[in-house]
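Me: Hi! I have a structure open and I'd like to walk through it with you. Can you help me find my way around?

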Amino acid sequence: MIRIGIDVGGTNTDAVIMDGTTVIAGVKAGTTADVMTGVVNALQKVLAASGLDASAVDVVMIGTTHFTNAVVQRRDLAQTAAVRLGLPATASLPPMVDWPEDLKQTIGNHGYLAHGGNEFDGRIISPLDEAELLGIAADIKAKGINSIAITSVFSPVSSDFEKQAGEIFAKALPGAHITLSSEIGRIGLLERENAAIMNACLRDLSAHVIEAFRKAITETGIKGRFYLTQNDGTLMDAAFAEKFPVLTFASGPTNSMRGAAFLSGVADAIVVDIGGTTSDVGSLHKGFPRQATVAVEVGGVRTNFRMPDVFSIGLGGGSHVVETDKGITVGPTSVGYRIVTEALIFGGTTLTTSDVIVAAGRAELGDRSKVAHLTADFIARTQDKITSMLEDCVERSRLSPDPLPVIVVGGGSILVDGPIGGLEVIKPNHFAVANAVGAAIAQVSGEVDRVYSLAEIGRDEALNDAKQRATDAAVAAGALRETVAIVDVEDVPLAYLPGNATRVRVKAVGELHVG
Amino acid sequence: MEILRTIYAEDMEDIATGGAILGTGGGGDPYVGKLMAQQAIRKYGPVQLIDIDQLPDDALVVPVCMMGAPTVMTEKLPQGDELINAFRALEKLLGRKIDAVLCGEAGGVNSTTPFVVASMAGLPLVDGDGMGRAYPELQMVTFSMHGVSATPMVLCDDKGNSLVLETVSNGWTERLARAATVEMGGSALLAFYSMSGATAKKAIVRGTLTLCAALGQTLREAKAAHVDPVAAIVDKLEAKVIFHGRVKDIDRRTVGGFARGTARFEGVEEWKGHDFRLDFQNEFLMAERDGKVLVTTPDLITLVEAESGLPVTADSLRYGLRLIALALPANPQWLTPAGIELVGPRYFKYDVDYTPFFTD
């Protein structure tokens, strides 16, 4: 199987082409404002480097931080109506209650509370009120809003109300983008609602971006299917990704860590991904990133996504190097993607970390004569500073005193030379495009999060039901049924409730079905 | 009246963090309660925290609480008026004006709920509670040991239902209120244990809300200064680190409507080669190291993340997490024979006697 992995970051669009488990070629191209041109350039470059014809490509996997960046930078977000079903319950805390004010204003702060919702055991809190929902729909229409997020209390237990309300809104507001919270989140009303609202406000952008990907692939002459990678390093097809852009939020660090594991052949390690402006540090356990235990915020909004536990510092290949009276400081400011014009070695006027590394003779990049004026003492002190910054963040990500190796990937990897804090450093082949490799090797998953009454059906039957549902979800997402394996099972009894009410979460993962 | 401290909306962050530490693995996530308190304070004004000695002996003091399954509380948020309605209904029933609000349980979500009522009612909040931590049952408060009756009690749900209970014992209140809470959809809000200022001066665990605030502040400042947050908490609390390890097995089961279970850890760093076991029933109740019982309820056992110092609940324990276990001394009221009978290890069906851990 010939597959292409692409990573569309804020600065670079990287691409790799793989035959089975062998990387044939990897390239970097600049990300463009229209997204599409950058992807076309990367695709053409990687095909040329591999010598393969576009028709040979079976599948394209794309990882992107585009949607995360849109939320973090508050741009390209649509006005969104947040409709919650649960009255009279939940009125104490309206939708978006804990959002940063600027983000709330960007999408309009249109929260609506309506009747509906279920109890933990499926009983109804109050019936759906169609007239009430039609009134809300009329208001949404009058405001010219086209994106709607619907969240019903305990919808992971019963999603009927969300579906019914979705149909009412779809009829009243033809063409509106509707997100149901039960399709993306787990139990925890505010966090799931937040995810649904963020998803809804990204729908206009996702339609545009997915179309750009689709066009770029067609333009290059590739006939294979294409997928996007999601938070946990597994795939979703393009149509699904267009409906659920929020599921790409953590795909950047996940792809770079999985790519690092794949390229190095090491499953347990600390991964340092050095870019132009920041370094992300996380730890790998059995080839997968260690997940964060506490609620993860995206752009200041609390979510309950499972995301890798990644620690970032302001150190990259374009970081500013400045001598002050307190010594040398490196970062957090950076020339970023402007490194190719602003760094000294490229004829610019800003001293960056890359300039110092070239001056030290550790990398062949740009024009070394432009940094000949740096003194040996200055070079040594800057390198010491970089080393101590790296040691510090690697130490923070260490989970045990065992001597785990450190895998260094990313375009800024030239900053590392030799061990970090006494730990062996691995710089695998194609380290600069590890993200794209991580995208190319992604698998397909299905997940279930439901509350079962074990007094009625028993634990084994409940677990089997959940496993079956997770497997079906994985197959529906494109996994080859015979490769699907259950990778995570968790059952938590709900305290104080009778009938052994237990929350069961199951995740199934399988290889992508191609052909 | 002398005000100990005025609590504004932003102060609730620290209180909720500290409340989660005193939650000892249970007590419910204070997040929702924190947001409700912040909303109330923004609308009705800040809360005046007072020392109990500021109240006259004949003052009327009433604690409020949220009761139910923590998971339900994070999913089915309250309607918003339940607490103040329960509080007002009890006031009407008692036939006299309530002078101050009290916290029933300073661990978990209930470290924040009294702020909602104090702000809405414009009454002072007493700095103290009935546990100095979190416990799973309603009769497990120091008030019980001073002969204070939980009833008359008013229980309100999100739909507008309310229930008045008059019972023969606080144990019966627990049984009946628990059944009603389940019917109400797994969570309810209540006002109970009304008492005089004189009784409260003897019966409460003092200073626990300012302790929550101080713990939260300690963690926040440690993070900002990049110093070890766990060491900072240990300093603040007379706490002891009893283990540092990784979760290697979790066994959960539901017994009598409670999340009972055991978590086993293998040691890392200074504890490498040692093992550790935690028994929980919503809260962490017993710790064993290398097969020997080390700490039991009523002393507090709490788990925190090594890197952030943030507390971890029994519900969110997962295989592979690397955590630090801390032991904190219980309030001396719990160490009396009556206290041990109410909340000692035998009440929770563990076949051991209370083992004093802090012996100075």
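Me: Let's start with chain B. Which domains is chain B divided into?

Reply: Chain B splits into domain 1, covering 5-208, and domain 2, covering 228-343. Keep in mind that this is a predicted model.

Me: Got it. How many Å apart do the C-alpha centres of those two domains of chain B lie?

Reply: The C-alpha centres of domain 1 and domain 2 of chain B are 25 Å apart. Where these domains touch, domain 1 of chain B supplies 18 residues and domain 2 of chain B supplies 21 residues.

Me: Which elements give two or more residues to the domain 1 side of that contact?

Reply: They are helix H1 (12-22) and helix H6 (142-145) of chain B. The largest share of that side comes from H6(B), with 3 residues.

Me: And how do the residues on that side of domain 1 of chain B divide into nonpolar, polar and charged?

Reply: On the side of domain 1 of chain B that touches domain 2 of chain B, 9 are nonpolar, 8 are polar and 1 is charged.

Me: Which way does S3(B) run against strand S4 of chain B, parallel or antiparallel?

Reply: S3(B) and strand S4 (residues 100-103) of chain B run parallel, joined by 4 bridges. If you want a spot to look at, find Pro63(B), which stands opposite Leu102(B) in S4(B).

Me: Nice. What about S3(B) and strand S9 of chain B, in which sense do they pair?

Reply: Those two pair in the antiparallel sense, over 5 bridges, and S9 of chain B covers residues 187-191. Here Gly68(B) sits opposite Ser187(B) in S9(B). S3(B) also pairs in the antiparallel sense with strand S10 (residues 195-196) of chain B, over 2 bridges. In that pairing, Leu60(B) is opposite Ser196(B) in S10(B).

Me: Remind me, what holds paired strands together in general?

Reply: Strands of a sheet pair through backbone hydrogen bonds, either parallel or antiparallel.

Me: OK, switching to chain A. How many helices and strands are there in chain A?

Reply: Chain A has 15 helices and 23 strands. Its radius of gyration is 24 Å, close to the 24 Å that the globule rule gives for 515 residues, so chain A is as compact as a globular protein of that length.

Me: What size of box do the C-alpha atoms of chain A fill?

Reply: Along the principal axes, the box is roughly 75 × 50 × 50 Å. Of the 515 residues in chain A, 54% are buried.

Me: And which domains is chain A divided into?

Reply: Chain A is divided into domain 1 (1-76 + 202-249), domain 2 (80-201), domain 3 (312-436) and domain 4 (442-510). Between domain 2 and domain 4 of chain A, the C-alpha centres are separated by 25 Å. In their contact, 6 residues of domain 2 of chain A meet 8 residues of domain 4 of chain A. The domain 2 side there has 4 nonpolar, no polar and 2 charged residues.

Me: I can see a sheet in chain A with S5 in it. In what order do its strands come?

Reply: The order is S6-S5-S7-S8 in chain A, an open sheet of 4 strands with parallel pairing. Its edge strands are S6 (110-115) and S8 (177-180) of chain A, each pairing on one side only. From one strand to the next, the twist averages 20 degrees.

Me: Over how many bridges do S5 and S7 of chain A pair?

Reply: Strand S5 (residues 80-87) of chain A and S7(A) pair over 6 bridges. One example to find is Leu85(A), whose bridge partner in S7(A) is Ser152(A).

Me: Which strands does H4(A) lie across?

Reply: H4(A) lies across S5, S6 and S7 of chain A, running at about 165 degrees to S6(A).

Me: Last one: where is Ile145(A) found?

Reply: Ile145(A) is in the loop between helix H4 (130-142) and strand S7 (147-152) of chain A.

Me: And why does Ile145(A) count as buried?

Reply: Because Ile145(A) has 20 other C-beta atoms within 10 Å, and 20 or more is the cut-off for buried. Leaving aside neighbours within four places in sequence, the contacts of Ile145(A) include Gln79(A), Thr80(A) and His110(A).

Terms used:
Residues are numbered from 1 along each chain as its sequence is written. Chains are lettered from A and ligands numbered from 1 in the order in which they are written. This is a predicted model: local features need pLDDT of at least 70, side-chain atom pairs count only at pLDDT 80 or more; totals for chains, interfaces and linings use all residues. Domain bounds come from an automatic or database domain assignment. Two residues are in contact if their C-beta atoms, placed from the backbone, lie within 7 Å. Ala, Val, Leu, Ile, Met, Phe, Trp, Tyr, Cys and Pro count as nonpolar, Asp, Glu, Lys and Arg as charged, and the others, Gly among them, as polar. A residue is buried if 20 or more other C-beta atoms lie within 10 Å of its own, exposed if 12 or fewer, and partly exposed in between; C-beta atoms are placed from the backbone. The radius of gyration is taken over C-alpha atoms; the globule rule is 2.2 Å times the number of residues to the power 0.38. Two strands pair if DSSP finds at least two bridges between them. Axes are lines fitted to C-alpha atoms, for helices over the stretch in contact, and angles run from 0 to 180 degrees between N-to-C directions.
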